[in-house]
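Hi,

Here is the structure I promised to pass on.

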Amino acid sequence: MADRLYDVVVIGAGPSGTTAARNLAKKGIKVAILDKTKFPRKKVCGGGLVYRALSLVPRTALHAVERFCYNVLLSFVKSHLTFQIWREYPIISMVSRKRFDVALLEMAINAGCSFVAGAEVKNVTKVNGLFHIECGKGSFRAPFLIAADGATSRTSRLLGVPDERVLIPAVEARIDVRKPEAIEEQARFDFDIFHGGYGWVFPKSGHYSVGVLTCHRKSSILSALKSYVTYLGFDWKRVRSVQGAFIPIRPRKKYCCHDGLFFVGDSLGWVDPIVAEGLTGALTSGELVARAISKADLAKDKAEKLYRQALGRMLWKDYPWSAFLAKVVYKRPRLRDLCFRLYGQEIADAVTDVMSGKWSHKWLILWPFNYLKAIGLLPCRIKHLRITRCCLVL
Ligand SMILES: Cc1cc2nc3c(=O)[nH]c(=O)nc-3n(C[C@H](O)[C@H](O)[C@H](O)COP(=O)(O)OP(=O)(O)OC[C@H]3O[C@@H](n4cnc5c(N)ncnc54)[C@H](O)[C@@H]3O)c2cc1C
């Protein structure tokens, strides 16, 4: 098969790759997307789009949403703490990744990208400033290469790029429900059923997506899922399609891009380290890389500089704070439980606001009013205190 020359080759047709490709093609840049699978394909994922991710999804892809959840239940099982969060907007929306990824891919194709399915990339070399990409469907060349090939990122290994990411295991399964109308409308997150992680239940159209993740790589993820299913009161026999995968919880920093190679999504490692939601990072990094390459008029150095700057603003400004909170949640359970025992509802509400894109983790930790609010010194309370003091003086 002939060797094909493009401006940009994107490896991986998940949300990060198709978002990057679509935005580049819209600017008239010649892009090819290669994916090892044929679409629609199964992707191991809970398919929960938090509100900040939902707001990044183009309207045309919104038909992939199966259910909008306005209610979330958060529980810490060992300390018997439960919090209910409700919002007027969907806190988390449930997508079928099969349909969602196809919708985004179709948008990229309609924008002018070439898509090659069943093209597993087996080798990547760089000769005279051009990437040579070899896959089952021939070879491709381009001065720019976007690695959007997920958590395992073969591209990174093929090119010998040091991996700064930390990967954790997660497993997802489905529990079919005979009467879809009986499915509860709320999403739930349960901590402490097993060590160092949490379990989730997401209501889909005819089933629940149930899954667990753990920061403890040594613990058995399958037995964690079994304990969680038992805790929920489901019979293990009802559990179908159990599949595991890795989630990166620390991004690449120094090696996020270099000389025409750019990492996005899971391959970059942009995933929230507290709840491990990666769709916001996938969609955002896809947009940012496209903006950087097109704004730089395909000049490599300038594109790299712009991408690093954008990641600095959008990812790195907040990451140390979210990583700090993740450490408290998973490695300091006593401190976490104390905080939740004292101000649990306030913290749950504030975290919901962060996941909705209203605020950042940095704001959550540094803004003094949050502490005042948590301990009850709201303006009305202050007024109340003054009145009480006046009464006492009188
Ligand atoms: C169990 C589990 C549950 C999750 N639940 C959620 C959730 O509820 N909400 C959320 O926001 N995030 C969730 N995530 C994370 C989310 O799935 C990822 O962050 C997101 O899919 C990243 O998108 P991506 O485009 O970077 O990569 P992916 O969606 O992984 O896409 C990568 C693509 O690259 C292709 N590819 C890989 N290697 C090659 C190769 N050598 N050649 C060609 N193609 C290749 C693959 O076929 C794939 O299509 C979950 C992850 C797991 C594991």
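(Helices here are DSSP runs of H or I with at least four residues, strands are E runs of at least two, and both are numbered from the N terminus.)

Before you read on: this is a predicted model, where local features need pLDDT of at least 70 and side-chain atom pairs count only at pLDDT 80 or more, while totals for chains, interfaces and linings use all residues. Residues are numbered from 1 along each chain as its sequence is written, and side-chain values use heavy atoms, with hydrogens and water left out.

Back to α10 (residues 333–355): its end C-alpha atoms are only 21 Å apart, whereas a straight helix of 23 residues would span 33 Å (the expected span being 1.5 Å times one less than the number of residues). There is a bend of about 100 degrees at Tyr343, taken as the angle between axes fitted to the seven residues ending there and the seven starting there. Buried residues of α10 include Phe340, Gly344 and Ala348; buried is under 20% relative accessible area, exposed over 50%, partly exposed in between, with a 1.4 Å probe and protein chains only.

The other spot I looked at is Lys38, in the loop between β3 (31–34) and β4 (48–50). Lys38 counts as exposed because its relative accessibility is 61%. Neighbours within four places in sequence aside, Lys38 is in contact (heavy atoms within 4.5 Å) with Ala117 and Gly118. Its C-alpha atom is 36 Å from that of Phe191, 153 residues away along the chain.

Cheers
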